[in-house]
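Subject: Structure handover

Hello,

Here is the structure I promised to pass on. Please open it alongside this note. My findings follow below.

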Amino acid sequence: MTRYPLVHCDFDDEDCCSVCREKNNGTYYKVVEGSEFCPRHGGAKQANKRKVEAANQYRLSVWQHRLNEFAESDSIKSLRA
Ligand SMILES: [Zn+2]
């Protein structure tokens, strides 16, 4: 888990968390990169989840690539013949 710091910002900051804006209590934080929320409103959790998903997706694509190479290799073809 990566920890994300709470970064204060203004209400009209383009990176301002939408939940902070909704609460509108004078305290606004920037969203965590890769999520839609600040760390206080689930942004860190969302960003971490997306990181894990991206890593899984990467591993899957590497595996798929190796599988394709394996299927196309001549030695495998000759084994089948
Ligand atoms: Zn927030």
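Helices (H or I, at least four residues) and strands (E, at least two) are DSSP runs, numbered from the N terminus. The model is predicted: local features need pLDDT of at least 70, side-chain atom pairs count only at pLDDT 80 or more, and totals for chains, interfaces and linings use all residues. Residues are numbered from 1 along each chain as its sequence is written.

Confidence

pLDDT is the predictor's confidence in each residue, from 0 to 100. The protein averages 92. A score of at least 70 is reached by 95% of the residues. Among the elements, H1 has the highest mean pLDDT, at 97. Helix H3 (residues 74-80) has the lowest, at 72.

Overall shape

There are three helices and zero strands. Along the sequence the pattern reads α-α-α. The C-alpha atoms fill a box of roughly 75 × 20 × 15 Å, taken along the principal axes. The radius of gyration is 22 Å, whereas a compact globule of 81 residues would have one near 12 Å. That radius is taken over C-alpha atoms, and the globule rule is 2.2 Å times the number of residues to the power 0.38.

Burial is counted from C-beta atoms placed from the backbone: a residue is buried if 20 or more others lie within 10 Å of its own, exposed if 12 or fewer, and partly exposed in between. Of the 81 residues, 19% count as buried.

Two residues are in contact if their C-beta atoms, placed from the backbone, lie within 7 Å. Take the contacts with a separation of 6 or more: residues 24 or more positions apart account for 19% of them.

Helix H2

H2 covers residues 43-72, which is 30 residues. The expected span of a helix is 1.5 Å times one less than its number of residues. Is H2 largely buried or in the open? It lies largely in the open, because the number of buried residues is three out of 30. Those buried are Gly43, Ala44 and Ala47.

Leucine 60 sits in H2. It is exposed, since 10 other C-beta atoms lie within 10 Å. Glutamate 33 is 27 residues from leucine 60 in sequence and 24 Å from it in space, C-alpha to C-alpha.

The core

A nonpolar core is a set of buried Ala, Val, Leu, Ile, Met, Phe, Trp, Tyr and Cys residues joined through C-beta atoms within 7 Å. The largest one here has ten residues. Among them are Tyr4, Cys17, Cys20, Tyr29, Val31, Cys38, Ala44 and Ala47. Not counting residues up to four places away in sequence, Cys38 touches Leu6, Cys17, Cys20, Tyr29, Lys30, Val31, Val32 and Gly43.

Residues to look at

Lysine 30 lies in the loop between H1 and H2. It is buried, because 21 other C-beta atoms lie within 10 Å. Its C-alpha atom is 4.5 Å from that of cysteine 16, 14 residues away along the chain. Beyond four places in sequence, lysine 30 touches Val7, Cys9, Asp13, Asp15, Cys16, Cys17 and Cys38.

Aspartate 10 comes in the segment before helix H1 (18-23). It is exposed, with 10 other C-beta atoms within 10 Å. Leaving out residues up to four places away, aspartate 10 touches Cys16 and Tyr28. Tyrosine 29 is 19 residues along the chain from aspartate 10, with 7.8 Å between their C-alpha atoms.

Asparagine 24 is also in the loop between H1 and H2. It counts as exposed, with 9 C-beta neighbours inside 10 Å. Most residues other than glycine have a negative phi. Asparagine 24 is not a glycine, yet its phi is positive, about 50°.

Best wishes
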